[in-house]
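Please open the structure in the viewer and keep the selection tool at hand. The stops below proceed residue by residue.

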Protein chains: 2
Amino acid sequence: MTATLKEFLEACESLGILRFIVTSDMAVLETRGTIQKLFYAELPKGQYANMHQDAFEFHLNMDQVKQIKFETGEAKRGNFTTYAIRFLNEKAEPGLSLFLQWGKPGEYEPGQVEAWQALRDQYGETWKP
Amino acid sequence: MTATLKEFLEACESLGILRFIVTSDMAVLETRGTIQKLFYAELPKGQYANMHQDAFEFHLNMDQVKQIKFETGEAKRGNFTTYAIRFLNEKAEPGLSLFLQWGKPGEYEPGQVEAWQALRDQYGETWKP
């Protein structure tokens, strides 16, 4: 597999509405949105993927992404399955997580779970960009 | 000054629409919203302030906030002043930043800058909760 992270990020457009989660040692911010119109920049800190939307803005240092992991889980509230993609750093900690965004607990848009599964089948449950 | 971080966070409601920024070593997420309806939880990791809104969700580990800093700056794009509140960890790195949200570059809502200045005058340019 010679897939690049750029290709993978752009393939994530197929997932529809996502929940973006970024965590510092102090705070967690979660916002909902789609991946679209990514643009790239070479900065001293690394190669960045960027997105500007009305409600939020997103920057990813692609050089820090050492592994991608597809993960299902149990929702904390409500009895349903969550579908996540974890972007792991060199310590195998998630610097970014993307969850399929549910409507009512457990309700996904038609085709959303299938798109997540198709990506997982294509890339494997874990892979290194 | 015996102000608590809880009181300070609730005073931040007066700032109107803010830009929340949380940064991991890998990613930056920025979203706009107001501070309102905070609720608190005692978790093993610390005392958390939480907020759930339609478009985003926010969690702050208050025990990790060692210093608050009021900061003005020059916007990267456009020639205007930015007004930020930095929540610094023990390494004096921002785990959370709140910026006054501009509309068109440099345009703030009436009273917004004054509310930021009033908070800074009340708490001081830097203070420890």
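Begin by selecting B:H59 and B:E57, whose side chains are joined by a polar contact of 3.0 Å (N or O atoms within 3.5 Å; within protein, one must be able to donate a hydrogen and the other to accept it, and residues adjacent in sequence count only if both atoms are side-chain atoms). This is a predicted model, in which local features need pLDDT of at least 70 and side-chain atom pairs pLDDT 80 or more, while totals for chains, interfaces and linings use all residues. Residues are numbered from 1 along each chain as its sequence is written, chains are lettered from A and ligands numbered from 1 in the order written, and side-chain values use heavy atoms, without hydrogens and water.

B:H59 belongs to strand β5 (residues 56-61) of chain B; strands are DSSP runs of E, at least two residues, numbered from the N terminus. With a relative accessible area of 14%, B:H59 is buried (under 20%; exposed is over 50%, partly exposed in between, with a 1.4 Å probe and protein chains only). Among the residues that B:H59 touches, beyond four places in sequence, are A:M26, A:V28 and B:Y48 (contact: heavy atoms within 4.5 Å).

Next, select A:R19, which meets B:E57 in a salt bridge of 2.5 Å, N to O (a side-chain nitrogen of Lys or Arg within 4 Å of a carboxyl oxygen of Asp or Glu). This pair crosses between chains, from strand β5 of chain B to strand β1 of chain A. Both residues, B:E57 and A:R19, are buried.

Then move to B:K69 and B:E71, a salt bridge with its closest N and O atoms 3.7 Å apart. B:K69 is partly exposed, at 32% relative accessibility.

Note on methods
Helices (H or I, at least four residues) and strands (E, at least two) are DSSP runs, numbered from the N terminus.
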